[in-house]
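The sequence and the structure are shown first.

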Amino acid sequence: MFRNGGRLKHQEKFRIGNEDMTIVSSYKYLGVQLSSSGSWSLTQKTLAQQAWKVIQILQSRLGKFSSLPHNVCFKIFYIKVLPILTYGSEVWGFHTSPDIERVHNKFCKLTLGMSRNTPNCFVKSVLARNSVKMSHYLKIVKFWLRLLFQEVNVVLRKAYSFQYKKAENGRACWALKVKSLLFSYGFAEAWIQQGVGQIDLFLYEFRQRCIDIE
């Protein structure tokens with residue numbers, strides 16, 4: 001059970017049958033760290049820590065990343081590290097993720113054999129790398145499109161229909177953030193129509209637009 005923090009009062013006890021429920025400030029569900037505050041800071045921090053551990057294990061087995069070709073390094077990154085940094089981002093990917101971006105920046109510097117003090121923008125420009133948030137946004141839009149093609153009686157589609165109405169009324173929810181994302185990148189028509197033509201072409205154009213703007 002979640003609560004909003006502060007001292008637990010003596011009478012604050014909740015039970016299911018005869019069993020007391022534990023009151024916690026955070027809880028891991030399906031690999032995603034949920035917080036009672038509603039913030040996703042703990043989620044992205046936890047994933048960043050897990051991804052960095054994987055990088056350290058890879059480094060101990062492969063030696064210096066700077067001794068490997070760059071394309072090999074980032075193939076390893078895409079397979080072993082990026083799935084951790086983007087896990088569950090369909091839901092939380094709107095949240096700014098400084099810890100996740102920090103892991104990506106560190107990996108780029110390891111690949112080039114540069115010091116930690118090297119400016120991140122310089123390292124990314126040399127490697128032609130984009131922020132991890134681009135991957136987050138792409139996963140969000142892919143998930144949104146999957147929801148649109150769900151049968152109307154499926155629970156997920158019903159939940160989305162409920163959020164769509166809230167979003168159209170300007171009420172804060174996941175769907176409103178999707179709407180803002182599409183509008184801000186020039187794809188308002190996709191939201192208005194609640195659908196796209198060729199999905200693969202749309203996703204390619206969306207990804208390219210994100211890269212161009214960054």
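How much space lies in the largest pocket? In this predicted model, the largest pocket holds about 320 Å³ of space. Its lining comprises 16 residues, and those closest to the centre are Tyr78, Leu82, Met134, Ser135 and Arg207. H6 gives the most, with five residues. Classified by type, the lining of the largest pocket has eight nonpolar, four polar and four charged residues.

The second largest pocket has a volume of about 250 Å³. Tyr29, Leu30, Val32, Leu34, Trp40, Tyr87, Gly88, Val91 and Trp92 form its lining. At least two of the lining residues are supplied by strand E4 (32-35), and at least two by helix H3 (89-92). By class, the lining of the second largest pocket has eight nonpolar residues, one polar residue and no charged residues.

**Overall arrangement**

The secondary structure of the chain amounts to ten helices and four strands. Along the sequence, these elements follow the pattern β-β-β-β-α-α-α-α-α-α-α-α-α-α. Taken along the principal axes, the C-alpha atoms of the chain fill a box of roughly 60 × 50 × 25 Å.

**Helix packing**

Two packed helices are described by the angle between their axes and the distance between the axes.

| Helix pair | Angle between axes | Distance between axes |
|---|---|---|
| H6 and H8 | about 115° | 11 Å |
| H1 and H4 | about 20° | 8 Å |
| H2 and H4 | about 160° | 11 Å |

Helix H8 covers residues 174-184, and H6 passes H8 in a left-handed crossing. On the H6 side, the contact is made by Tyr137, Ile140, Val141, Phe143, Trp144 and Leu147, and on the H8 side by Trp174, Val178, Leu181 and Leu182. By class, the contact of H6 with H8 has ten nonpolar residues, no polar residues and no charged residues.

Helix H1 spans residues 41-62 and helix H4 spans residues 98-112. Why do H1 and H4 count as roughly parallel? Their axes make an angle of about 20°, and angles under 35 degrees count as roughly parallel; H1 and H4 are therefore roughly parallel to each other. Gln44, Lys45, Ala48, Ala51, Trp52, Ile55 and Gln59 of H1 meet Pro98, Asp99, Ile100, Val103, Lys106, Phe107 and Leu110 of H4. This contact of H1 with H4 divides into nine nonpolar, two polar and three charged residues.

H4 also packs with H2, at an angle of about 160°. Angles over 145 degrees count as roughly antiparallel, and H2 and H4 are therefore roughly antiparallel to each other. The crossing of H2 and H4 is right-handed. From H2, the contact draws on His70, Cys73, Phe74, Phe77 and Leu85, while H4 contributes Ile100, Val103, His104, Phe107, Cys108, Thr111 and Leu112. By class, the contact of H2 with H4 has nine nonpolar residues, three polar residues and no charged residues.

Ile100, Val103 and Phe107 of H4 are among the residues that meet H1, and Ile100, Val103 and Phe107 are also among those in the contact with H2.

Definitions and conventions. Residues numbered from 1 in each chain as written. Predicted model: local features only at pLDDT ≥ 70, side-chain atom pairs only at ≥ 80, totals over all residues. Heavy atoms only, no water. 1 Å grid on protein atoms, 1.4 Å probe; cavity = no way out; pocket = protein on both sides within 12 Å on 5 of 7 lines; lining within 4 Å. Points joined across faces, edges and corners; volume = space filled by probe spheres on them. Nonpolar A, V, L, I, M, F, W, Y, C, P; charged D, E, K, R; others polar. Axes fitted to C-alpha atoms, helices over the stretch in contact; angles between N-to-C directions. Left-handed = near helix turned anticlockwise from the far one by under 90°. Contact = heavy atoms within 4.5 Å. Parallel < 35°, antiparallel > 145°, perpendicular 65-115°, else oblique.
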